Number of protein chains: 2
Amino acid sequence: MTTRGVMVGGVQIGGGAPIRVQSMAKTKTEDIGATISQIRSMEEMGCELVRVAVPSSEAAEAIPCIKQAIHIPLVADVHFDPYLAISAIEKGADKLRLNPGNIRNPEDLARIVMAARERNIPIRIGVNEGSLPPNTRGDSLARRMVNIALEEIKFLEDLDFGHIVVSCKAFDVHTTIEAYKLLSQKISYPLHLGVTEAGPPFEGAIRSALGIGILLHLGIGDTIRVSLSAPPELEVKAGYELLKCLNLRQSGPEILSCPTCGRAKIDLFPIVDKVSKFLQGKKAPLRISLCACGVNGPGEAERADVGMVGGKGKGAIWRSGKFVRAVEEEKLPQALIQEIEEMLRCHP
Amino acid sequence: MTTRGVMVGGVQIGGGAPIRVQSMAKTKTEDIGATISQIRSMEEMGCELVRVAVPSSEAAEAIPCIKQAIHIPLVADVHFDPYLAISAIEKGADKLRLNPGNIRNPEDLARIVMAARERNIPIRIGVNEGSLPPNTRGDSLARRMVNIALEEIKFLEDLDFGHIVVSCKAFDVHTTIEAYKLLSQKISYPLHLGVTEAGPPFEGAIRSALGIGILLHLGIGDTIRVSLSAPPELEVKAGYELLKCLNLRQSGPEILSCPTCGRAKIDLFPIVDKVSKFLQGKKAPLRISLCACGVNGPGEAERADVGMVGGKGKGAIWRSGKFVRAVEEEKLPQALIQEIEEMLRCHP
């Protein structure tokens, strides 16, 4: 479903733009050095929009310095306090995230909308299951999240403000899917997808892949944020991994590697680990295939840019679908990295 | 879609049974001690069926000893050699996995089917993109996988054999989804879902969650195997995590934990990590909520069995939706574990 495009700084969300990968800095925003350093590291992973918390005037004051030192649009995340929202806008935030669950006064909201219009920046209406008003009508969680988003959208539209992005995040995957499906039937604003408080990195990546991935498979969603109790770089990595698996963004190499079994001729996991570490942050769309035996190994190596098939105490290395040489097991990581480096010279 | 039920030892796959979580031992099958020890550890994680590779007569000979020492059905994975397949059946395997890409001779196949019928065990027709015959007709990968599966199914049906499970695994998520969608339209045998050679643990968990999860969301799939270049216990954990997120199996506690941001009042990740390690292997369906500030924390804590909301240098602990006490930051992991232990006494 094509949504309206909304510009955040120089980055378009929706309206046919690629699905954007975003994340949030986890430093104290007012610790300017730490925040800039973390955002730069997120940029290196390909983060396209970064959000920072603005819970205090010190955090709002830090925005201009941070913006000067980074290269991607900065989104101010504000809860409870309308004056901080206005302050963040005045300090140059490229987008504002408001939680309609905790800024409820219409006059305050109107003042924020005026400030956003003056600076021509969009507002994300960011609903979260953890911060909803009490349930008085017995609606489902998904319906409650969508209703409060729709109310807020109407309020903004009545003020003739249309630079809107919307999210409705729950921890439960089905609730998240239900909420975004409802939203996508009712509005054409771009949707920011996420599963809230998804948890530790491994479990959270699975939960996020399911919630976000099923929606993207249905054609719903314009920007994604994977929330993990982990450094934000890992959230960005997970976001791209997810988009790459769904053929929605091309991003960096992919490793096809076997789970191993009693047929394994070599100790595969350390090789996968070393090759994986070497590929971290590389941008070329290479497929690397690493298999511990000859059952699927040769078939996969044929389709890979660089492939390896485990044999007894050694590995056969393939390049561009052809066998090139056999290498002893202990030299495999180094030999594979050498082959990949040579490929990278062609795809920098 | 309800498929026909097939029994593997005492475990039903399909026919309305819960989606089964399976994995594969990664030890040399003929190393009986190591294989038993690994399978027992997989059983502790809830693995319901275990596959072992049978690439040699030594591996086939090991089957009776392994079976005596484990509590879940054992599946023999055989490639290339029809005699090993027959030998694995005679040695007591509860199910046979055959790859139609590499056992092609009809007489050999007929002999295997006779042996399986005699012992009344099912056969999985396990197609894999890495081991397909050459593409002579220019079909898509998904279509080629499905065609070879359908040919093999017809061969077995012509021999009046119907104890069949089918899989068609590719690395590409869309190819995997397309293949299983085609299969589910054409046959009513139970489907074993998986994304092949999905890669290192983090990337592989995301890829598997997408391929398997989107199919399950469409109502397709009766048993799942998450393939990771990692220990099999992690594959089982990922499998349950995936089913739990889709509300398809209830299994153990879940941690809702926030990603943290500049609002964080405490250092959350070490707390999440300690609580997560404590919960490893626990079976009670508790929801634990761990948030670093008061934006969503109280709302989430209200809905959790045990919740924590970060405050300045301390955390507020909630139980069954009610605040119980505030604890200093450094004592939070211990205090949370104590609360969880008390809850566990009620849900052992």
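Predicted model: local features only at pLDDT ≥ 70, side-chain atom pairs only at ≥ 80, totals over all residues.
Strand 6 of chain B covers residues 95-98. K95(B) and R97(B) point one way from this strand. L96(B) and L98(B) point the other way. In a regular strand the side chains alternate between the two faces of the sheet. All four residues of the pattern, K95(B), L96(B), R97(B) and L98(B), are buried.

Strand 6 of chain B has a parallel partner in strand 5 (residues 74-78) of chain B, and four bridges join the two. In this pairing, V75(B) has K95(B) as its bridge partner. Strand 6 of chain B also pairs with strand 7 (residues 123-128) of chain B. This pairing is parallel too, over three bridges. Here L96(B) stands opposite I123(B). From strand 6, the chain crosses through helix 4 (residues 106-119) to strand 7 of chain B. This β-α-β crossover is right-handed. Strand 5, helix 3 (residues 82-90) and strand 6 of chain B likewise make a right-handed β-α-β unit.

Helix 3 of chain B is mostly covered. Seven of its nine residues are buried. They are P82(B), L84(B), A85(B), I86(B), S87(B), A88(B) and I89(B). These buried residues pack against helix 2 (57-69), strand 5, strand 6 and helix 4 of chain B. At the start of helix 3, a side-chain oxygen of D81(B) comes to within 2.8 Å of the backbone nitrogen of Y83(B). After helix 3 comes G92(B), with a positive phi near 110 degrees.

The two chains meet through 77 residues of chain A and 77 residues of chain B. Between them they bury about 6300 Å². Carbon and sulfur atoms account for 61% of this area. On the side of chain A, E197(A), F202(A) and R263(A) lose the most area to chain B. Together they make up 11% of what that side buries.

Polar groups also meet across the interface. There are 26 residue pairs in polar contact between chain A and chain B. Six salt bridges are found across the interface. K237(A) and E203(B) meet through their side chains in a salt bridge, at 3.1 Å from N to O. Several elements of chain A give two or more residues to the side that touches chain B, including strand 5 (74-78), helix 6 (173-186), helix 8 (232-245) and helix 10 (297-303). Helix 7 of chain A gives the most to this side, with 11 residues.

Terms used. Residues numbered from 1 in each chain as written. Chains lettered and ligands numbered in written order. Heavy atoms only, no water. Buried < 20%, exposed > 50% of the residue type's maximum accessible area, 1.4 Å probe, protein only. Pairing = 2+ DSSP bridges. Right-handed = clockwise from strand over helix to strand, strands pointing away. Contact = heavy atoms within 4.5 Å. Polar contact = N/O pair within 3.5 Å; in protein donor to acceptor, adjacent residues only side chain to side chain. Buried area = accessible area lost by both parts, 1.4 Å probe. Salt bridge = Lys/Arg side-chain N within 4 Å of Asp/Glu carboxyl O.
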